[in-house]
Amino acid sequence: QRDLFYKDVPLFKKQSVVDKLVDDLAATIETRRSHLNVRASPKGLICGAGLSIHTVRCEVIQIAETEGTLIPIADDIQSLEFSNNVKWVLIVEKEAVFQTLCQLSFVRHPFGQPGTGIMITGKGYPDVATRQLVKMLSDNLPSTIPVVALVDGDAYGVDIASVYKFGSAALRHESCRLAAPRVECIGVWATELTSRVFRTCTNRFGIDRDALIPISRADERKAHSMLRRELPGRWKRELTHMLFTRRKAETEILSSMPRNPDGSHPLVAYLADRIWQYILAVSQEPAPEPRMNDSSINEVLFT
């Protein structure tokens, strides 16, 4: 897709013009980008314990536990092989936070997290390859394995979570193979980091309300736009809270805090608590039969 842009830079002027033209053409003739022989370079990363990717070229990609591996496009994946020890999947909005969690060996629960897991980042708004992988996991992993997203507590973070869960406007015609309804957003929520009584300015995380970042005019416009969409009630309440307090919560605020008395990292402790809550919640729900999606991935194997 980048090659198309460089074929006539004066004509297109910027990459986003090419992206929109390709999406519009695919939607008009009701086909996929890949069927037009147009591919965007993958950018997403995956890190996990007990996961390997088998490609159509008969290669096996062993996913590392302490560093990210580039997510291949779906057309290049033959199958995924999981260990039965995998208990959760975490989508991380920001690459910097993803790398911090990799360095902390979060997928191997060094501080008592609920079982081994898989982490994915789309480095902000996700590319198609990352969304396809999340969709495949959402459709095929047992319902007892939660698929959750960690994003900033602002309008853009909520929008990124909605792209994974509901799909994007630009690729609305491909939502059936890109949207992953099982994805749940676990924060970071500003309401959890600040006291309800603002004059106290303290809370169980020890974060001052004034330490949160003031919202910009762009944040405000984005929040109002998001509130006009159909979103989960919790997401809308957080956006309303952000507009009322004029403050937003970013994930880095937990990364920058000193370690807890027990030696655990605040971000790790926060995630462990949220993931465990979702594991308990899904374990009490009826288990539907896994269903294969219409991607080119042929099978999901558990060992």
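Terms before anything else: two strands pair if DSSP finds at least two bridges between them, and strands (E, at least two residues) are DSSP runs numbered from the N terminus, as are helices (H or I, at least four). This is a predicted model, where local features need pLDDT of at least 70 and side-chain atom pairs count only at pLDDT 80 or more, while totals for chains, interfaces and linings use all residues. Residues are numbered from 1 along each chain as its sequence is written, and side-chain values use heavy atoms, with hydrogens and water left out.

**Entry: strand β7**

I looked up the partners of β7. Strand β6 (residues 86-92) pairs with β7 in the parallel sense over six bridges; there, Val92 has Thr121 as its bridge partner. Strand β1 (residues 45-48) runs antiparallel to β7, with four bridges joining them, and Gly48 is bridged to Ile118.

Next I checked burial (under 20% relative accessible area is buried, over 50% exposed, in between partly exposed; 1.4 Å probe, protein chains only). Six of the six residues of β7 (residues 116-121) are buried, so the strand is largely enclosed by the rest of the structure. Thr116, Ile118 and Ile120 point one way, Gly117, Met119 and Thr121 the other. In a regular strand, side chains alternate between the two faces of the sheet.

**Entry: cysteines**

How many disulfides does the rule give? With a disulfide taken as a pair of cysteine sulfur atoms within 2.5 Å, I get zero. For Cys102, the closest cysteine sulfur is in Cys47 at 3.6 Å, too far for a bond. Cys102 is buried, at 1% relative accessibility, whereas Cys58 is exposed at 74%.
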